[in-house]
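Please view the sequence and the model together while reading.

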Amino acid sequence: MTRPALTWLGHAARIALGAVFLAAGALKIVDVAEFARQTASYGLVGARLAGIIAPAMIACEIGLAVALLAGYRVRATAIVTGLLLIFFIALEGWGIVQGRTESCGCFGAYVQRTPQEVIMEDLLFTALAVLVVVFLGAWEPRRRRLAAGAVTVATVATLGLAVASPRLPIDPWVTSLAVGRTVEDLGLAGRIPAEAQASGLVAILDLADPASKDAAEALNELAATPGLPKVVALTPSSEEEHAAFLWQAYPAFDLLTADRPLLKRLYRRLPLYFLIRSGRVEAIYPGPRPPAADLLLSGAS
C-alpha cells in the first residue's frame, strides 16, 4: 500500500476506535450505579471505591474518544487507549480464571456479552490502536488548541453527568418497565405467580443493599393487610445473599430469584415497586419504600 493509503487507514482506525469508546462511555453513563456494581464484582475493589472509579472511568473513556475523533495528540492518545484495552483484557482473563461469567458492562448494563466475547472485541480494538500509532505517527489537526478544548470540556462535562446520572429521571427512556406493559412484554409471565399477575404488588430488591431489609419490613406489613394485592418480590441476588436475607428479614411474602439480565431491563435503581392488575402494569413506585396501604386500597378491585 502507498503511504497516503496507509495514512487513510490510520485515520479510519482512529475514527473507529474513537466511535467505539464514545459509545462505550455514553452507554455506561445511562446506569452508572450498575457499572459500579459490575466493577466491584471483580473483587479487586470495594463497593465504595467502585462508586468513585465508575464515573471517573466513564469520563476517561469519553475524553479518549473525543481526543481520537478530534485528532488531539493522536499517538499518545492511541497508546493510552491501547494500554487501557490491554488492562481490560487482563481483567477479563483474571475473571475467567476466578470463574466469573457475568458480563463486564463495557457497553453499559443493557448490552450483554460473555467474558470471552469481550476479550475478542478488545483484541480487535487494540489492533485499531496499533494501526493509529503506526500509520499516523505525530499527525496533529490544524486547530490543535480547539481540539484540546473539546477534550477538556467533554471530560469534565461527562464526569459531572456521570455523578448526577443516578438521580436523573430517565428511567422511562432506558428501561422497559412502563405503565400499560403486560407481564409477557416484560418477560415475567413465568416468574410471577398467577395470583399476583391478577392483582399484585411486585418489588425488585437487591438483597445486598441494606435498604432492602427496611423495604421488607414495610412489605411484610402490606402482605399481612387484608384486601391488598398479593405481595411478591423479585431479586437478581445470589443464592448466598438470598439465604442470608431470609434469616435477617423474615419476609412474609414470596421472594423469588430471577436472572439479573432479565430484571436489569426493568430498573436503574433499587428498590423498585410496581402494581399489576389483570396481567398489566398499572402503576410504578420508585423506592426506597413501597407505596402505603391506603394507596393500594384506593385502586383495589
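A residue is called exposed when its relative accessible area is over 50%, and buried when that area is under 20%. The structure discussed here is a predicted model.

**Positive phi angles**

Most residues other than glycine have a negative phi, and most peptide bonds are trans. Tyr250 is not a glycine, yet its phi is positive, at about 50°. Tyr250 lies in the loop that links α10 (239-249) with β3 (254-257). Because its relative accessibility is 57%, Tyr250 counts as exposed.

Ser278, likewise not a glycine, has a positive phi of about 50°. The loop between β4 and β5 holds Ser278. With a relative accessibility of 70%, Ser278 therefore counts as exposed.

**Cis peptide bonds**

Which peptide bond ending at Pro271 is cis? The bond from Leu270 to Pro271 is cis, with omega near 0°. Pro271 is found in the loop between α11 (260-264) and β4 (272-277).

A cis peptide bond also runs from Gly287 to Pro288, and here omega is near 10°. Pro288 is placed in the loop between β5 (280-286) and α12 (293-298).

| Peptide bond | Omega | Loop holding the proline |
|---|---|---|
| Leu270 to Pro271 | near 0° | between α11 (260-264) and β4 (272-277) |
| Gly287 to Pro288 | near 10° | between β5 (280-286) and α12 (293-298) |

Conventions. Residues numbered from 1 in each chain as written. Predicted model: local features only at pLDDT ≥ 70, side-chain atom pairs only at ≥ 80, totals over all residues. Heavy atoms only, no water. Helix = DSSP H or I, 4+ residues; strand = E, 2+ residues; numbered from the N terminus. Buried < 20%, exposed > 50% of the residue type's maximum accessible area, 1.4 Å probe, protein only.
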